[in-house]
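Work through the exercises below with the structure open. Each task is followed by a solution in steps.

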Amino acid sequence: MNIFLSLFFISLSLLSYEILLMRIFSITSWSHFAYMAISIALLGFGASGSFIALFRKKLRRRFYSLFTLFSFLFSISLYFSLVLSQRIPFDPFLIVWFKEQYLYLLGYYLVLFIPFFLGASCIGISFIRFAGKIHKVYFYNLLGSGAGALAAVLLMYILSPTHLLLTIAALAFLASVISALSLSKRSLQLLILASFFIMFVFFLYPPRLQISQYKALMTSLHLPGARVLSQSSSPLGVIHVLESPAIRYAPGLSLNFHGELPPQLALFIDADSMCAITNFGGDLKNLRYLDYRSAALAYHLLENPRVLILGSGGGSEILTALYHRAPSVKAVEINPQIVDLVREKYGEFSNHIYSRPEVSVKVAEGRGFIQASSEKYDLIQIALLDSFAASSAGVYALSESYIYTLEAMKEYLGHLSSEGILSITRWLRMPPRDGIKLFATAVEALQKLGVDDPSSHLIFIRSWATSTLLIKSSSFTPSQIEKLIEFSEERLFDVIWYSGIKPGEVNRYNILEKPHYYEASSRILSPNRDSFYRDYLFDIVPATDNSPYFFHFFRLRSLPHLLKTMGAEWVPFMEWGYIILLATLVQAVGVSIFLIILPLFFLKGRGARGSRARVFIYFLSLGLAYMFMEISFIQKFTLFLSYPIYAAAVTIAGFLFFSGWGSYLSGRFSLASSFKVAVAVGAIIMVTLVYLFSIDHIFSFFISFPDSIKILISLLLIAPLALFMGMPFPLGLTTVSSENPPLVPWAWGINGCASVVSPVLATVLAISFGFNVVVSCALLFYLLAALSLIPQQRTSFRT
């Protein structure tokens, strides 16, 4: 029992550490490096199978002492691997020009690989030691992993990333102490003393995170008199508040503006996405500068609008609405820490804008709030939700965003009053991508809502740094077009589109080599739109809820043209995230084959080729299928639960917890393993198909319910599917253990190999084909696994 309890805490520490690494990568680099963390983690699991296969007999003979040793080294490595990784001078922006960066990247992998290898080895040797209780080993493994997913998210509300690391290390030390109860009293005493001493040293010298010099916080720290006033942390991000007399935040401010900006404090989320808290001294006249941004256009076309702002941040868009005398302003902000900072800690500095009678603030995710609301507005304003640097570098290419999908656009338009306007502002990028993809999304959304002539419902302008698209429920009137022209001319903004615009009216002030935006808008509104989509350099087909990658623009077939015109320099500044994804996939496949698969083929006495082929197919299919299913359902529940971090935590914890019980129950029935696998796979296919056709209707019915009810509904939906998904692996491994024990670590390694590749491969498939295709592939892999057991009566796993 001691070992199983220790196994629980090791599994808990492993998954908590993996989630923590994903957060740390988001802070120090960017969120797409989360795929690297997943790949490293699962590579450790796979490589441990190779190691155990090579030394199976020795590991089994000295199980208790080696389990305790590995768990102790695991707890130490959690700290040192992160400390060492922060000292490696890996800089992704320099990888094109300096080849040594590839060595640094390899060093990153090797250093961070160690704790996952050690922790996974503890789990792997438990499978060979308790061959008759594999279902129980897997139960504690999954139960601990599920607890780790929840613990990591919950602890992020009260602990900084570095203190969370120390807490995870303490839990890992606890696991080693529990396992040492099976050893001599002297060994236990020494281990306890060593654990206390090492943890004391860890707390004295906590690790420091090295943030990329290219993130907005680090560049802003070079401003005169810059200093960090406060820092707070949560699963949604680490927030830094920066003070400097040189801070001037007004994206796309007109070059024709003359005047001073009021004092501001800069807020950075994960050291990058920036917004500002503004001290306007209680006098709205001091906010005149806000009227010289492209985002202010809608206020010149409406009278006293009732406003909804999605992504209020530090309050700039609220101030814009107040400056234009909006009688009612509802602001939605996903991060409660930002709301608390603006309302409480810096309430006096912000002139208590979040507490004004005409302003109401709701902590929620924008799309989820809209779906759960029946209210209509005269103006829905979607602010800039990301930084210019990150947007330019394409680091959001792998980030799912349900804010900008085709279905989202239809939702927004459905919440407008009869003369209401939807206003969306994006950074200006060259060659054009974001703006025209947004324009295409608006056109198709209007058409799906039955609008025959979308061109008259659209206005599109740009400043030197931003573009703003207005979409109206009805056609824009001639007087509104006149106000548009007057607004743009006074501020030196370029009009891209309005119905009836002439070629001579575009590209007048912020002159581009060609009127790219106008030409793209014209083509999108023309009958040959599909051919324009097909021939354009970037992917500008509207994103959908099934493939919500609005920021993905990269096209592999465009690479030769990009390399020809820009050389290798295009990589760091354009669609970098997708390149990282592809590189990670290639790395994961290559390193997995080298460390996991190839060494095992050279081992002696591993059974006949037929049995090895069937073991390979079975466990490879299970590894791919499980991760494909889990990742797909994380995305589906993201739209329902609104908060991505909550969706990930609830889905991962739910899948692991109920899969653990599925593993436990799989050993309770005295039926043939092949029959139980067939039943489990059949149930997985049936439940999944029911969900594919019904889950959207279930979500729509419960979308307006409180979060606690939605989390309960999510767990109830996950339970039957995850329960059956937890059965095939322990059933297969039990069969292998009884018929050919030497193949057990090999099977563990194969499953790890599949798990290394599947998260990245699933994302590539989802970007190209959507998550429904990923789910379909998962079902095919489960079916393949079940079919691989059919010839068992004639050709077993025996040698």
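This is a predicted model: local features need pLDDT of at least 70, side-chain atom pairs count only at pLDDT 80 or more; totals for chains, interfaces and linings use all residues.

**Exercise 1. Cysteines**

Solution. 
- Step 1. Cys-777 has a relative accessible area of 21%. Buried means under 20% and exposed means over 50%, so Cys-777 is partly exposed.
- Step 2. Cys-275 has a relative accessibility of 14%. The cut-off for buried is under 20%, so Cys-275 counts as buried.

**Exercise 2. A sheet of four strands**

Task: Give the strand order of the open sheet that contains β1 and β4, and explain why these two strands each have a side without a neighbour.

Solution. 
- Step 1. The order is β1-β2-β3-β4, and the pairing is antiparallel.
- Step 2. β1 (227-234) and β4 (273-278) stand at the edges of the sheet. Each has a single partner strand, so one side of each is left without a neighbour in the sheet.
- Step 3. On average, neighbouring strands of this sheet are turned by 20 degrees against each other, direction ignored.
- Step 4. For the pair at one end of the order, β3 covers residues 264-269 and is joined to β4 by six bridges in the antiparallel sense. Within this pairing, Gln-264 lies opposite Thr-278 of β4.

**Exercise 3. The surroundings of Gln-381**

Task: Locate Gln-381 in its strand, decide whether it is buried or exposed, and find which polar contacts its side chain makes.

Solution. 
- Step 1. Gln-381 sits in strand β8, which spans residues 377-382.
- Step 2. The relative accessible area of Gln-381 is 1%, so this residue is buried.
- Step 3. Leaving out residues up to four places away in sequence, Gln-381 touches Ala-295, Tyr-299, Leu-308, Ile-309, Leu-310, Glu-317 and Ser-423.
- Step 4. Two of these neighbours also take part in polar contacts. The side chain of Gln-381 reaches the backbone oxygen of Ala-295 at 3.0 Å, and a contact of 3.1 Å links the side chains of Gln-381 and Ser-423.
- Step 5. Gln-381 and Val-307 are 74 residues apart in sequence, yet their C-alpha atoms are 7.3 Å apart in space.

**Exercise 4. Ser-714 in its helix**

Task: State which helix holds Ser-714, and identify the backbone oxygen that its side chain reaches.

Solution. 
- Step 1. Ser-714 belongs to helix α26, residues 707-725.
- Step 2. With a relative accessible area of 0%, Ser-714 is buried.
- Step 3. The side chain of Ser-714 reaches the backbone oxygen of Lys-710 at 2.7 Å.
- Step 4. Beyond residues up to four places away in sequence, Ser-714 touches Phe-637, Phe-640, Leu-641 and Val-650.

**Exercise 5. Two helices**

Task: Are α27 and α28 roughly parallel or roughly antiparallel, and which residues bring them into contact?

Solution. 
- Step 1. The axes of α27 (residues 728-739) and α28 (residues 744-769) come within 9 Å and cross at roughly 150 degrees.
- Step 2. Angles over 145 degrees count as roughly antiparallel, and α27 and α28 are therefore roughly antiparallel to each other.
- Step 3. From α27, Phe-729, Leu-733, Val-736 and Ser-737 meet Val-744, Ala-747, Trp-748 and Asn-751 of α28.

**Exercise 6. The whole chain**

Task: How many helices and strands does the protein chain have, and what percentage of its residues count as buried?

Solution. 
- Step 1. The chain has 29 helices and 12 strands.
- Step 2. Of its 799 residues, 62% count as buried.
- Step 3. Among contacts with a separation of 6 or more, 77% are between residues 24 or more positions apart.

Technical notes
Residues are numbered from 1 along each chain as its sequence is written. Side-chain values use heavy atoms; hydrogens and water are left out. Two strands pair if DSSP finds at least two bridges between them. Axes are lines fitted to C-alpha atoms, for helices over the stretch in contact, and angles run from 0 to 180 degrees between N-to-C directions. Buried means under 20% relative accessible area, exposed over 50%, partly exposed in between (1.4 Å probe, protein chains only). A polar contact is a pair of N or O atoms within 3.5 Å; within protein, one must be able to donate a hydrogen and the other to accept it, and residues adjacent in sequence count only if both atoms are side-chain atoms. Contact means heavy atoms within 4.5 Å. Angles under 35 degrees count as roughly parallel, over 145 as roughly antiparallel, 65 to 115 as roughly perpendicular and the rest as oblique.
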